[in-house]
Amino acid sequence: MYDFDTVLNRRGRGACKFLGIADDVVPMSIADMDFASPPEVQEALRQRADFGNYGYTVMVDEDYQAIIDFVKWRHGVDIPREHLLATPGVLYTMRCAMYMLTQPGDKVVVSLPLHTPSIRTAGMQGRIPLHNWMKRRADGNYTFDLEDLERHFQAGAKVLLMCSPHNPTGRVWTREELEGIAQLAQAYDVTVVVDEVHRDLAYSGHPHLSIGELPGMAERTITVFSASKTFNFGGFHIGTAVVPCEDYKQRLRAKLYEIGHDCGRPPLFSMVAQTTAYQKGHAWLKELIAVLERNADLCIHSLEGLPVKVFRPEASFILWVDCSELKLDTAALNALMQEARLTADPGHYYDMGEIGGYTGPQHHFRLTFGMPQSVLEPAMERLRKCIERRA
Ligand SMILES: Cc1ncc(COP(=O)(O)O)c(C=O)c1O
């Protein structure tokens, strides 16, 4: 019913992903998609633009109800209205929550590998970042290393910044995995601030569960999400936090105010886009997820038989590729991408390690595949050939 095939020319329109990218190169780095947002959203924006008056706006009951109804539809969870905080987006809110919960000198845990801005968050304004490395399960895919996490909690960390579903691995954490973290958080009196920006894009068979929904976790969890990945409007910078603890909610609101954001008074067009998407985007989202699953399969299939290791993502439009066997360092991986005429994020973005050598995730790269099949297929074919030449 919806169009996920048209190739939009995003060049020359301020799209981050396309900045300085040659015409024949396919950007597969920054995590947005090349599809248009739902037509219902486009129409609502056009109508509002036509009105001509763009004065200050405020979210009303209908805007909050749209969030509540959408979350109920997508995740089967009832969020009381009084737990909601309207925010200017996910990173802003993760950082402000951390500032609200900690003082300079306090320790904050993040689990690696992780998307760079989120790693940076843990070390901001004098906080001491503690890195909890994930471990590999028996099948080689990632999971939490709870023993290592416990050591960090024993060392005095009072805040854990989580990413769920996980960027860059595409894992959707299971109930058991989340329960392991929840038990430790309760035992060591840790507050969890969780980035759930990819949650609406969980694939079939991998239902997303919020850690804040587990017994005993509501009052010690701040859940942060947005419609920006879901409906592909990252440029609108708008989002939501679920904060059941009233004290936390008031203090987080105050922190956001300190940086100049008045919760519930978002930019006009961001508010129109968010409310419309939440009210009318259901059918589009269902189709999008099917398209993303098909694209994930296409990527996996393209890399079959090569000396690289990939796991089918369980959510979103990101693919984490392990090239250890090829012994390609960051420079060699960049040269490979250059030859394949595409861009990808090199592995060291996900531990912020120094470039060089084969430590940490440097022998990995992350691709994004939220694009029409007619663009993705030839790009993956080029990548396949370039890897074959090095195998
Ligand atoms: C895990 C994660 N968190 C946050 C963001 C950015 O969210 P926002 O633009 O709402 O700050 C991204 C975007 O790539 C992301 O992947």
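## Ligand shell

In this predicted model, 14 residues surround the ligand. The closest are A31, G89, V90, L91 and N167. By class, the shell holds five nonpolar residues, eight polar ones and one charged one.

Two of the closest residues return below. V90 and L91 are among the closest to the ligand, and helix α3 covers residues 90-101. N167 is also one of the closest, and a cis peptide bond joins N167 to P168.

## Cis peptides and a positive phi

Most peptide bonds are trans, and most residues other than glycine have a negative phi. The features below depart from that pattern.

A cis peptide bond links S164 and P165, with omega about -5°. P165 lies in the loop between β7 and α6 (175-187). Another cis peptide bond links N167 and P168, with omega about 25°. P168 is likewise placed in the loop between β7 and α6.

D189 has a phi near 55°, a positive value in a residue that is not glycine. D189 sits in the loop between α6 and β8 (191-195).

## The seven-stranded sheet

Strands of a sheet pair through backbone hydrogen bonds, either parallel or antiparallel. Here seven strands form an open sheet with mixed pairing. Their order is β2-β10-β9-β8-β7-β3-β4. Which strands stand at the edges? They are β2 (84-87) and β4 (128-133). Each has a single partner strand, so one side of each lacks a neighbour in the sheet. On average, neighbouring strands of this sheet are turned by 20° against each other, direction ignored.

Strands β3 (residues 107-112) and β7 (residues 159-163) run parallel and are joined by three bridges. V108 stands opposite V159 of β7. Helix α7 packs on the sheet. The helix touches β2, β9 (221-225) and β10 (239-242). The direction of α7 makes about 10° with that of β2.

## Helices α3 and α7

Besides packing on the sheet, α7 packs against another helix. Helix α3 (residues 90-101) and helix α7 (residues 246-258) meet at an angle of about 115°. Their axes are 9 Å apart. The crossing of α3 past α7 is right-handed.

From α3, the contact uses C96, A97, Y99 and M100. From α7, it uses R251, L252, K255 and L256. What is the make-up of the contact of α3 with α7: how many residues are nonpolar, polar and charged? Six are nonpolar, none are polar and two are charged.

## The four-stranded sheet

Four strands form an open sheet in the order β11-β12-β15-β14. The pairing is antiparallel. The edges are β11 (309-310) and β14 (345-346). Each has a single partner strand, so one side of each is left without a neighbour in the sheet.

Inside this order, β12 (residues 318-322) and β15 (residues 364-368) pair over five bridges in the antiparallel sense. V321 has F365 of β15 as its bridge partner.

## Domains and their contact

The domain assignment of the chain gives domain 1 (16-30 + 282-390) and domain 2 (54-280). The centres of the domains, taken over C-alpha atoms, are separated by 26 Å.

Across the boundary, 20 residues of domain 1 are in contact with 25 residues of domain 2. Which elements each supply at least two residues of the side of domain 1 that touches domain 2? They are α9 (282-303) and β12. Helix α9 gives the largest share of that side, five residues. Strand β12 also pairs with β15.

By class, the side of domain 1 that touches domain 2 holds 13 nonpolar residues, two polar ones and five charged ones.

Terms used: Residues are numbered from 1 along each chain as its sequence is written. This is a predicted model: local features need pLDDT of at least 70, side-chain atom pairs count only at pLDDT 80 or more; totals for chains, interfaces and linings use all residues. Two strands pair if DSSP finds at least two bridges between them. A residue is near a molecule or strand if its C-beta atom, placed from the backbone, lies within 6 Å of it. Ala, Val, Leu, Ile, Met, Phe, Trp, Tyr, Cys and Pro count as nonpolar, Asp, Glu, Lys and Arg as charged, and the others, Gly among them, as polar. Axes are lines fitted to C-alpha atoms, for helices over the stretch in contact, and angles run from 0 to 180 degrees between N-to-C directions. A crossing is left-handed if the near helix is turned anticlockwise from the far one by less than a right angle, and right-handed if clockwise. Two residues are in contact if their C-beta atoms, placed from the backbone, lie within 7 Å. Domain bounds come from an automatic or database domain assignment.
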